[in-house]
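Here is a friendly walk through one structure, taken a few features at a time. Have a look at the picture first, and then read on.

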Amino acid sequence: MEMIDRTAREIAERADTDPRDRHAVAAWLFVCCALLFALIVLGGVTRLTHSGLSITEWQPIVGTLPPLTDTDWADAFAKYRATPEYRQINPDMSLDAFKRIFWWEYAHRLLGRAIGLAFLLPYLWFLVRRRIPPGYAGALFAIFVLGGAQGALGWYMVQSGLVDDPRVSQLRLAAHLGLAFLIFGAMFWVALSLSRAAARRSGNAALRRFAFLLTTLTFVMVLAGGLVAGIRAGFAYNTFPLMNGRWIPPGILLLEPWYRNLTDNMTTVQFDHRLLAWVLAALVPWFAWSVHAAPDVDPQARRAAAFFVVLLVIQIALGIATLLLVVPLPLAAAHQAGAVLVFAAALNASHALRR
């Protein structure tokens, strides 16, 4: 994200760019970020309601329309009945029950298509009207390409659950989630760059590196959360702070070869997610204190660091409640939403220190 911004910002600052154009493009990107936030949360609900395998085909154009007649519904249900999920898990599912899970997945896919249009059409309009500040058009096009790749990756993930094992690959799920966060981060970073006036860069390089480290750790914790969701590790060890009475539970290196534990072992996957939360719980307040104590930091950066701490505390509380109550849908969805907000707060703090 720094590479996206560095050259583009320097070019834009030298050019005679209309501030109204910068703020208009930034506002559009913030709207796209809000839509992607909703899509990430809806994706979590789709997973939690076991709806993700209800649509068995990837039809980016034709699939925009849902089943409209009884014949259409019967055809869609027949395709689902041919999947391992129906045969092994839901052999008694009725058509009405199928419709309930279908609508969640359909809404997820439809919103994904809507975001594609919400990004592409304004991008083309800004481009034709020459309202995109110099240096940013290429970065924005790259974000659009990533969005297309995200759709293909989503179908690649779904395919893994339509074969022998009626569960999607946790690695593909984590990759799908991670790419969504990268796209969100890229849009959010560019929007911040366009919406904030250029200022003297802080001379505190150590704080900038600290902020980058925390942003990276937040992203890694998101990936770890994707693995937790993928193998349903949140339904095990529903105690806190210990894991069934142990700080380090037995069985953490049960699988061979050892690296399989990082992705396939419920105990290890949940332990890693908890460990990353503990690390951030220690480092983020330290970071905020360091920012507030530094004499050469902009007040905006101090506010951003404080907000980062507040959102992390809320997110950890949501995670603990979700675990102790054995993953109720509203709390789990709120926890996924909180992950996006904490990531945005980390980016905001990092960006504020680079001004």
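Helices (H or I, at least four residues) and strands (E, at least two) are DSSP runs, numbered from the N terminus. This is a predicted model, in which local features need pLDDT of at least 70, side-chain atom pairs count only at pLDDT 80 or more, and totals for chains, interfaces and linings use all residues. Residues are numbered from 1 along each chain as its sequence is written, and side-chain values use heavy atoms, with hydrogens and water left out.

Let's begin with the loop between α8 (205-230) and α9 (261-264), which is where P241 lies. P257 is found in the loop between α8 and α9 too. As a bit of background, most residues other than glycine have a negative phi, and most peptide bonds are trans. Now for this model: F240 and P241 are joined by a cis peptide bond, with omega about 5°. Another cis peptide bond connects E256 and P257, where omega is about -10°.

N244 lies in that loop between α8 and α9 as well, and its phi is near 55°, a positive value in a residue other than glycine. Is N244 buried or exposed? Going by relative accessible area (buried means under 20%, exposed over 50%, partly exposed in between, with a 1.4 Å probe and protein chains only), N244 counts as exposed at 51%.

R130 has a positive phi near 55°, but sits in the loop between α5 and α6 (137-159). With a relative accessible area of 76%, R130 is exposed.

| Helix | Residues in helix | Expected span | Span between end C-alpha atoms |
|---|---|---|---|
| α10 (266-293) | 28 residues | 40 Å | 41 Å |

After α8 comes R232, whose phi is positive, near 55°. R232 also lies over the face of F235, at 4.3 Å from the ring centre. For a charge to sit over a ring, NZ of Lys or CZ of Arg must be within 6 Å of the ring centre and within 35 degrees of the ring normal.

At the start of α10, a side-chain oxygen of N265 comes within 2.9 Å of the backbone nitrogen of T267.

How many aromatic pairs does the structure hold? There are 25. Rings of Phe, Tyr and Trp (its six-membered ring) pair if their centres lie within 6.5 Å; planes under 30 degrees apart count as stacked, over 60 as edge-to-face and the rest as tilted. W125 and F126 have ring centres 5.4 Å apart and planes at 70°, so this pair is edge-to-face. W125 is partly exposed, at 41% relative accessibility, whereas F126 is buried at 7%. W258 and Y259 also make an edge-to-face pair, with 6.0 Å from centre to centre and 80° between the planes. W258 is exposed, with a relative accessible area of 54%.

Ring pairs also link a cluster made of W73, F77, Y80, Y86, F98, F102, W103 and Y106. Over the face of F77 lies R81, at 4.9 Å from the ring centre.

**A contact involving S193**

S193 belongs to helix α7 (residues 170-195) and is buried, at 3% relative accessibility. What does the side chain of S193 make a polar contact with? Its partner is the side chain of H351, at 2.9 Å. A polar contact is a pair of N or O atoms within 3.5 Å; within protein, one must be able to donate a hydrogen and the other to accept it, and residues adjacent in sequence count only if both atoms are side-chain atoms. S193 and H23 are 170 residues apart along the chain, and their C-alpha atoms are separated by 9.9 Å.

A332 is in helix α12 (residues 329-353) and counts as buried, at 10% relative accessibility. A332 and G161 lie 171 residues apart in sequence and 22 Å apart in space, C-alpha to C-alpha.

Notes: The expected span of a helix is 1.5 Å times one less than its number of residues.
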